[in-house]
Amino acid sequence: MNKRKEVVTMKAQLRFGLALGLTCLVGALALLVGHGSVGAINGFSDNQELPLPPLAPIANSGVSFIVRGLEPSVRVATDGTVYVSSIRGVPGGVDLHRYYAAVDGPSGAGGTYPFKYEGQPDNCGIFNASQGGCAKNSLDPLGVGLGGGDVDIAVNYPLSGIPNLALTSLTLAPGVTGTHSSDRGDSFNVPNPAVALIPGDDRQWIDGTDALTVYLNYHDAATFNIEVQRSNDGGVTYVNGFGEVIDPQTFPAAGGVPATNSANIAGQIKVDRSSCPSRGNLYQIFVAPDSVAENLNGGALHSIYVGVSTDVKLGLPAFTFKDTKVFTGPAGPQNQGAGNLFPALATDDFGFVYAVWSDNSNVFYSFSTDQGTTWSNPINVSFPANGGHANLFPWIAADANGHVGIVWFGDDRAGNSNDRAALEPGHPASQGAACNSGTTCMQDWARWNVYYAESVNGHDATPFFVQSVISDHVIHRGTISTGGLGGGADRSLADLFQIAFDPQHFANVAFSDDHLINTEVSGSDNGFDNPTSRRKIRANFTRQLAAMAGSVVKTGSCASQPPPPPPGAEKIAGGSQIASQTSGLAANFGFVAMNDKPKASLSYHDDGAAGGSIDVHSANTSVPSVTFQGDCWTSKGDAKVNQKPGYTYTVNACDNAKPDAGKDTFFISVTGPNFSYSNGGVITSGNIQIYKQ
């Protein structure tokens with residue numbers, strides 16, 4: 001498996017969205033019909049469709065995009081508010097549904113929620129920002145004002161008041177749009193279309209903690225490292241902290257340099273919100289080849305890694321990650337490894353960490369009791385419920401002490417989810433093509449459902465899971481692609497769906513569904529079992545009504561502390577300001593570095609640089625040199641200058657005294673193609689501190 005294919009898998013989130021929109025132009029509008037539901041199943045509410053407008057007109061052009069609801073994200077705030085966001089595909093934008101009992105009313109028959117449609121939070125984009133707010137379901141004349149390539153949402157956890165809701169949407173350019181709501185989704189700030197520091201990025205995820213802290217991660221297209229940024233304003237900007245997940249020791253096996261490497265697939269970032277010493281830790285899961293040789297030679301992404309940042313809790317403008325290999329599985333007969341599609345991660349209220357991934361046939365689960373340092377042997381959670389069939393798109397939630405919920409898609413037969421011959425008999429290997437004979441070949445196709453596994457002792461030596469089907473109908477028939485636009489299977493359900501626990505520890509699940517024909521658009525219905533019929537793709541929602549696995553444990557001990565660094569290990573951290581190259585201005589800096597498995601993270605910004613504003617961030621494309629001598633430290637490594645790679649930095653800092661301002665020193669020099677910059681001196685504010693083991 002070469003990197004170009006994996007880049008398609010990852011970057012196709014945007015390209016798929018574009019194709020999704022551009023191939024769905026129609027010339028007439030149709031009536032919107034309400035959602036429907038069928039019977040509840042296995043302790044979950046009736047599955048309910050989250051309604052959307054059938055079509056999105058492009059100004060006065062006479063054409064419209066067919067609206068779809070894909071890759072739904074779901075979060076539940078501490079006040080019980082449920083949010084579900086979904087994508088239409090670039091440039092169609094994203095949609096948001098909200099349920100808040102005090103305003104939206106009690107649940108209905110079968111436990112369904114009367115969701116409120118909150119419109120399109122990213123519908124200001126690059127060209128629509130002049131509106132001063134977000135339009136709903138109306139595209140600009142060029143059709144490029146919105147995102148919709150990917151979406152993710154995050155809720156915050158204030159001590160009082162309405163929890164903040166952050167949202168990000170992937171656009172064509174410059175990259176990630178960010179916005180937030182402080183009134184439960186009823187209004188959003190004017191979106192910021194450039195929250196990612198690095199343009200040309202892909203597949204963003206976010207997670208929130210405290211009142212307004214939000215972490216954003218995404219792929220840097222140039223190196224395919226996983227960039228992380230921190231927002232201190234609820235998701236309006238992400239300029240308060242920076243780190244790279246793939247550390248310099250792991251980068252040769254998982255990074256994207258050279259561009260022909262297999263590289264990696266990144267899952268969602270998670271922050272520890274427990275009251276334990278681990279509170280504030282960041283965890284990032286990704287899958288990649290097992291070795292440098294495999295990465296260079298197009299090997300499968302069959303090793304699972306988790307990057308952990310503990311120094312992020314210092315609150316500095318820069319932080320580091322340390323990567324641990326969780327498990328290495330087989331490459332698989334189709335070289336699919338564990339890229340089927342996203343791995344997923346969760347943390348509970350006592351600092352325990354949980355991971356899930358799929359090899360296309362099985363969903364595996366592992367946990368860490370020492371803050372991501374070591375991991376349990378993986379457990380196959382899908383086999384008891386759906387062994388021997390295709391199982392993919394896993395997602396996980398955790399809370400309390402060891403309470404874990406896992407969801408995934410599973411079909412009813414053996415065979416890889418991408419195999420049209422096995423899963424779509426009587427049909428040529430072409431999406432939307434007619435049956436080889438007749439018009440009802442879909443009657444014999446693979447049938448997919450949503451599965452759920454729950455445990456209340458998820459970090460015990462032998463966790464006990466209860467598995468069940470929670471979709472009350474077949475949600476999809478045929479293949480499900482895990483190969484992006486480079487694959488030949490059905491992309492109708494895109495790449496993921498999600499689960500979140502509510503304050504009562506019940507699961508809330510949102511998933512894409514295309515079991516119905518899209519009768520809202522004329523010319524779609526050629527018969528229910530005919531693959532030439534246009535399917536209606538919408539986000540569906542179901543919620544848990546009764547406990548399945550026993551009583552949730554809400555007391556106990558925190559996860560163990562990771563082992564201390566070895567004797568002789570030294571670490572330095574610091575940040576704030578020195579004088580700029582321009583008199584009267586200040587340059588901002590932040591750094592963390594250590595000599596045990598050398599790594600360093602640097603963030604530096606000088607608006608008064610002689611050649612114009614300069615922004616410097618370290619890059620983990622090679623192992624930096626980290627040297628301590630007395631109370632001073634020197635580090636040399638790769639850097640990006642104004643978001644462009646190909647530079648090197650040298651930094652020297654000294655922890656001279658306490659208090660630090662006016663005594664500690666910081667010096668930096670940066671060189672690159674036809675470029676040189678240097679500055680330094682006594683820090684004018686802040687602190688520099690060396691930690692010795």
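Visitor: What is the handedness of the link of C276 and C558?

Guide: In this predicted model, C276 and C558 form a disulfide with their sulfur atoms 2.1 Å apart. The angle about the S-S bond is -80 degrees, and the link of C276 and C558 is left-handed.

Visitor: How many residues apart in sequence are the parts that this pair of C276 and C558 ties together?

Guide: C276 sits in the loop between β16 (265-271) and β17 (282-288), while C558 belongs to the loop between β31 (535-543) and β32. The pair therefore ties together parts of the chain whose separation in sequence is 282 residues.

Visitor: Is C558 buried or partly exposed?

Guide: Buried means under 20% relative accessible area, and C276, with 9%, is buried. For C558 the relative accessibility is 35%, so C558 counts as partly exposed.

Visitor: Which handedness does the disulfide of C632 and C654 have?

Guide: A disulfide joins C632 to C654, with an S to S distance of 1.9 Å. The torsion about the S-S bond of this pair, C632 and C654, is about 110 degrees, so the disulfide is right-handed.

Visitor: In which strand does C654 lie?

Guide: The disulfide between C632 and C654 links distant parts of the chain, 22 residues apart. C632 is in strand β37 (residues 632-641), and its partner C654 is in strand β38 (residues 644-654).

Visitor: What is the pairing when the bonded cysteines of the chain are numbered in sequence order?

Guide: A search of the whole structure finds three disulfides, one of which is formed by C435 and C441, with sulfur atoms 2.1 Å apart. Numbered in sequence order, the bonded cysteines of the chain pair as 1-4, 2-3, 5-6.

Visitor: Which residues are the closest to the centre of the largest pocket?

Guide: The largest pocket holds about 890 Å³ of space. Of the 31 residues that line the largest pocket, the closest to its centre are T310, P562, P563, P565 and K571.

Visitor: How many residues of the lining of the largest pocket are charged?

Guide: Strands that each supply at least two residues of this lining are β18 (303-309), β19 (322-328), β32 (570-579) and β41 (685-692). Divided by residue type, the lining of the largest pocket has twelve nonpolar and ten polar residues, and the number of charged ones is nine.

Notes
Residues numbered from 1 in each chain as written. Predicted model: local features only at pLDDT ≥ 70, side-chain atom pairs only at ≥ 80, totals over all residues. Heavy atoms only, no water. 1 Å grid on protein atoms, 1.4 Å probe; cavity = no way out; pocket = protein on both sides within 12 Å on 5 of 7 lines; lining within 4 Å. Points joined across faces, edges and corners; volume = space filled by probe spheres on them. Helix = DSSP H or I, 4+ residues; strand = E, 2+ residues; numbered from the N terminus. Nonpolar A, V, L, I, M, F, W, Y, C, P; charged D, E, K, R; others polar. Disulfide = S-S within 2.5 Å. Buried < 20%, exposed > 50% of the residue type's maximum accessible area, 1.4 Å probe, protein only.
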